Amino acid sequence: MQAPPEHCPGVESQDAGKASACAGCPNQNICSSGEASAAKDALLSVVTDRLKDVRHKLLVLSGKGGVGKSTLTYLLTRTMASERPARNFSVLDIDICGPSQPRVFGVADEQVHQSGSGWSPVYVDENLSVMSIGFLLGSPDDAIIWRGPKKNGMIRQFLGDVDWGELDYLVVDTPPGTSDEHLSAVSFLEDSREGLAAVVVTTPQELSLLDVRKEINFCRKLKIPIVGVVENMAGFVCPSCTKESVIFPPKSGGAQKMAEDMEIPFLGRIPLDPTLAKCCDQGKDFLTERPDSPAVKATRTITGKIFNYFEN
């Protein structure tokens with residue numbers, strides 16, 4: 001099938017293939033015959049079967065780029081896996097055009113293996129694995145120049161063709177915005193919504209908060225529960241004395257005030273730490289490199305709240 005028209009009624013609608021927006025669409029006959037709905041049901045069935053042993057799905061979202069979603073995904077998952085060594089965690093990187101999880105976890109040179117049961121995610125530790133399109137590229141410099149339908153197909157493959165096995169948490173790193181990748185992931189998880197929730201990431205600046213408000217409304221429209229908001233880059237930690245300084249003053253009250261206004265939980269603030277950026281570039285474990293960092297302490301508090309949300 002090709003990309004739907006702008007005002008497509010959707011394959012589930014009684015007007016599928018019959019509405020005025022459908023005129024001239026190459027999928028019109030397929031939709032009106034019910035084949036599209038049957039194909040979607042088949043895809044959902046495959047994804048649901050693959051994820052049947054995944055207890056919790058956590059989306060890391062932000063309407064704004066550059067707020068540190070990938071870094072936070074790395075920090076949260078590393079911390080959660082270290083605090084619950086008997087449980088299994090995996091990261092799914094659906095930032096198709098800018099995959100960074102293989103590098104930050106130090107497994108960029110690894111390859112995805114395929115067996116009769118599907119693709120196998122790349123393991124970082126015994127209880128922590130990663131799946132990303134970054135593993136499928138010939139070179140880290142290769143550009144992915146894809147339109148929406150091909151991105152959607154890749155996300156479907158990640159969710160439906162990967163042998164996730166038994167997982168306690170699948171943490172999904174998403175790109176900025178509220179469009180193709182987000183809609184596709186939520187659509188494919190339609191029948192796997194049990195245990196699905198989101199963490200929303202922002203920085204203190206009002207420009208970031210404006211876009212993050214849109215992301216919160218996106219979650220509400222699609223009925224995705226929100227665990228809470230994390231304020232990233234909330235200060236700067238000196239690598240020598242570990243003293244923290246504010247470099248992005250929250251003129252409007254920052255993420256905490258926004259969370260109060262929008263009636264969602266505020267999970268905490270994570271300061272900038274130059275060692276964290278260095279560890280991400282070099283693929284090292286920040287928790288072992290700087291265990292006493294304020295960023296680590298803040299992340300442990302946040303992951304505690306996430307565990308409480310899902311498990312209590």
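This is a predicted model: local features need pLDDT of at least 70, side-chain atom pairs count only at pLDDT 80 or more; totals for chains, interfaces and linings use all residues.
1. Residues are numbered from 1 along each chain as its sequence is written, and side-chain values use heavy atoms, with hydrogens and water left out.

2. As for geometry, H5 (residues 148-161) and H6 (residues 180-188) pack at an angle of about 40 degrees, and their axes are 9 Å apart. H5 is therefore oblique to H6, given that angles under 35 degrees count as roughly parallel, over 145 as roughly antiparallel, 65 to 115 as roughly perpendicular and the rest as oblique. Axes here are lines fitted to C-alpha atoms, for helices over the stretch in contact, and angles run from 0 to 180 degrees between N-to-C directions. Helices (H or I, at least four residues) and strands (E, at least two) are DSSP runs, numbered from the N terminus.

3. H6 also takes part in the lining of the largest cavity, to which it gives the largest share, three residues; H6 and strand S1 (54-61) each supply at least two residues of that lining. The lining consists of Leu59, Leu61, Thr174, His182, Ala185, Val186, Phe218 and Ile224, and these divide into six nonpolar, two polar and no charged. The volume of the largest cavity is about 30 Å³. A cavity is a set of points on a 1 Å grid over the protein atoms alone where a 1.4 Å probe fits but cannot get out, whereas a pocket is an open set with protein on both sides within 12 Å along at least five of seven lines, and lining residues have an atom within 4 Å of a point. Grid points are joined across faces, edges and corners, and a volume is the space filled by probe spheres set on the points.

4. The second largest pocket has a volume of about 440 Å³. Its lining has 19 residues, of which Ala108, Gly134, Leu137, Ser139 and Pro140 lie nearest its centre, and the lining divides into nine nonpolar, six polar and four charged residues.

5. Helix H3 (residues 69-83) packs with helix H11 (residues 294-311) at an angle of about 75 degrees, with their axes 9 Å apart, and the two are therefore roughly perpendicular to each other. Leu75, Leu76, Thr79, Met80, Ser82 and Glu83 of H3 make this contact with Thr299, Arg300, Ile302, Thr303, Ile306 and Phe307 of H11; the residues divide into six nonpolar, four polar and two charged.

6. The axes of H3 and helix H9 (residues 274-282) come within 11 Å and cross at roughly 90 degrees, which means that H3 is roughly perpendicular to H9. Here Thr71, Tyr74 and Leu75 of H3 are in contact with Leu276, Cys279 and Cys280 of H9, and the residues divide into five nonpolar, one polar and no charged.

Terms used: Ala, Val, Leu, Ile, Met, Phe, Trp, Tyr, Cys and Pro count as nonpolar, Asp, Glu, Lys and Arg as charged, and the others, Gly among them, as polar. Contact means heavy atoms within 4.5 Å.
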